[in-house]
Each structure stands twice: as C-alpha cells, then as structure tokens.
Amino acid sequence: MTSNFPAVPIAPDVYWVGAIDWDIRDFHGYATSRGTTYNAFLIIADKITLIDAVKKQFQAELIQRISAIIPPEKIDYIVSNHAEMDHSGCLREVADLVKPEKIFTSAKGIKALQQHFGNDLPLTPVQDGDRVDLGGKTLLFMETPMLHWPESMFTLLEEQRLLFSQDAMGMHVASAERFADEIPDYILEYEAAKYYANILLPYSKLVRKQLDKIAGQGLAFDIIAPDHGPVWRRDVDRILQWYHRWSDPQPSPRVIVTYDTMWGSTATMARAIAEGLKQGGARPRVMPLGACHRSDVATEILEAGGLVVGSPTLNGNLFPTVADLMVYLRGLRPPHLVGAAFGSYGWACKSVPQVEEFLRETGVDIISEAAKAVYVPDEAALRECNRLGREVAAAVMSRCDQQ
Ligand code: FEO
C-alpha cells in the first residue's frame, strides 16, 4: 500500500525521510519566503541508521516516512550532525520509540543534547576521523565546529561518497522536488546565497578551512545531502564552488543603499546617493527597509563592496527598522565593506552618528563623511548626497581595479 508520506530514495539503500514545511515564513528572524524542509535520511545496512531528525511538530511525518521503509523500531543508530532544534527537536520522542543502541554525535553535541534533553539518551561521542562500520557501509565523521554551532559535524557515507552536510550547502526551500537538478538554477543560487549570508557568513574563515581540509584529504563527493532544501546528486561542484566564492569575497562594484524614512526626506537622500554611486561607476542597489526584509538585505550584502545606511532621527534615536538591521548585521559581520551614513533630522541629528557607530562595530570601513539634511533635503544637501555616492563609488571601484 502506498504511504501517505513516502520515503524518497536518494542513493542505493539511502532514503530521504524528512519533512516539508510549506508554511514557515520566519525562521528565527530569517524570512523564509519559500518555506523550508527538514531533511533526515535513513541508511539501510546491517546497522540501520537515521541521520538527523526533524523539527518537533513534524515528528509524525518523519515516522511515517521511515515506516514506509522499515518499522522504526529496527533503527539501530541515530547520528546527530547538528543539535539545533530544527534537526533534533523530536529526538527524545524518536529515541523513546526507536530505542536506538547508540546516538552518535560530537563531544560538544553530547553536551548540547544533554542540555536540551537530559542525560538518559544513549549518546556516544565521535571525533573527527572516526569511522563506524554499519556492515558493508561505513560512516566517517568530520567535525565542523562553528559551522554553524560548536557541535556541528558532517557524516560521510564512504562507499557511496555521500556527504550528509547538515546546515552547510543547504537552503530554505520547500518543494515537492527532492533534488537540486529538478529546481530552477535562479532559485538554487539565490536561496543558497541567502542561506550562506544569513547563517554561515560570520564563520566564513571556518568554511574556507573546512573546504581546504576536504580538498587536502582528497575527498570527493557524488552526492551532498544537506539538512535543508534539495539534495545535490549531480554537479556537486556547483554548490562547492559557490561556497568557495562566498567564503572568500572579492572586491565588488555593488553598493547597497538601505534606509528607512519618516516623511520621505531620507528616501530622497537615498535616491540622490544612488545617482552619485552610479555616476561614480558603482552598481547601487537601493533597499528601503519598509519594503525589504533584513535577511534580504544581508543576502545582497554577501557579494557587495559597499554599504550605505540611512536613518532619520526619531526621539533622539535610530528609526527602529534601521536599528533592527544594524544589530542583525553586527552579528553577521560582513567582511571587506566600505561605507557611509546619511539621514534627515529636525532639531538634533542623533541617528547618523549611531549608524556610523554600528557600521564601525560591524567592521565597515567608513570612507566618506556622512550626509545630513534638516527636515527636507535642499539642493545643497542633495549635492552632499551626490558627493557621498561618488566617494563610496570611488572607493569600491579602486578596490576592484586593484584586484
Ligand atoms: Fe538547520 Fe542550524 O539548524
């Protein structure tokens, strides 16, 4: 009988048994406009193994997909590559049902899972380079600390060169298709970039280190199966090359101009700055925060050379949406940006210095004096905006020329 929630074979004796979250639009502050998937994988071998689990509310879907292949009680091992709740939220319930012999995870994974679920799960530590024989199939564990949690690790199914990469190489896309080659390229590249920008960007040096380590070990993969979005079963080098590019950003003429506005003055300034940027040879992208989500701004910043941020002064402070973005970007720490601040005010310009302080804390090199306007930008204020745009353009183009 056909299961209502079937498993999907992704390789011989390996099945996708995850869940599709069509509804989610906010993933801890990240706008998931295409929803997401929580991928889990079942390996059929002498020791039947489940790789990761799903968000708690999708536990029944996971169990039904597993049951389409084997009774869940037959699972011997569980591997927890990542302790975050979208992949281990139902681990307690699954373990109670399955009663696995062992749950393999890194040493820090044990600590994190114990802090979530207590001390009575059969957690078994593995280290980088450890192997577990499933009977004709071998798991190789690769610790990937801070990609993007301390306990994170990859698991390689060696004989099939199948890498279970947890969050890395993933994307938030809900789809009926399970494979990347079934999804249009423009969606893949944008959503993979968005995922990288919003989840992995602060750890780019570690991403690069891990990619170098994999290359140094001569490892190659036929399939990459992340914990979100489609499985890469063809042309896996594409996602690896994107990760090389994003983890080592090159100078770029793209400049993000982002702002919010009370009565249109800061918006007018943004448009004048964009003209100055264009005249200076840069490629401005204007992203009003009334229309653009913070996570979309972060995505555009991923391959930008400059960041210009504007805020009116509201009650002696930043406009709230600008404060939201600045705090978010301070955490993501986009590297190698030049930038500047601008904004309008009535009787005391309090917002612009605060934007500049946030930009410094984010690591942005402020290379142009801020542009300010009292109430409504006059011709002189708009000339200042044009000057700012041209100066930022000159800086990003100089970096591009030196490349
Ligand atoms: Fe998909 Fe870091 O959890």
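The largest cavity in this predicted model has a volume of about 60 Å³, and the count of cavities of 30 Å³ or more comes to 1. Its lining is formed by Leu147, Phe154, Ala168, Met169, Val207, Gln210, Leu211, Ile214 and Tyr243, and these residues divide into 8 nonpolar, 1 polar and no charged. Helix H6, which spans residues 204-216, supplies the largest share of that lining, with 4 residues.

Another part of the model holds an open sheet of 7 strands with mixed pairing, in which the strands follow the order S1-S2-S7-S8-S9-S10-S11. Strand S1 (8-11) and strand S11 (123-125) are the edge strands, each pairing on one side only. Direction ignored, neighbouring strands of this sheet are turned by 30 degrees against each other on average. Within the sheet, S2 and S7 run antiparallel and are joined by 3 bridges, and Trp16 stands opposite Phe41 in S7.

Two helices can be described by the elements beside them. Helix H4 (residues 107-117) lies across strand S10 (102-105) and S11, and runs at about 155 degrees to S11. In helix H1 (residues 59-67), the buried residues are Glu61, Leu62, Ile63, Arg65 and Ile66, and they pack against the elements tabulated here.

| Element packed against by the buried residues of H1 | Residues |
|---|---|
| Strand S2 | 14-16 |
| Strand S3 | 19-21 |
| Strand S7 | 41-43 |
| Strand S8 | 49-51 |
| Helix H3 | 91-98 |

Note on methods: Residues numbered from 1 in each chain as written. Predicted model: local features only at pLDDT ≥ 70, side-chain atom pairs only at ≥ 80, totals over all residues. Heavy atoms only, no water. Buried < 20%, exposed > 50% of the residue type's maximum accessible area, 1.4 Å probe, protein only. Contact = heavy atoms within 4.5 Å. Pairing = 2+ DSSP bridges. Axes fitted to C-alpha atoms, helices over the stretch in contact; angles between N-to-C directions. 1 Å grid on protein atoms, 1.4 Å probe; cavity = no way out; pocket = protein on both sides within 12 Å on 5 of 7 lines; lining within 4 Å. Points joined across faces, edges and corners; volume = space filled by probe spheres on them. Nonpolar A, V, L, I, M, F, W, Y, C, P; charged D, E, K, R; others polar.
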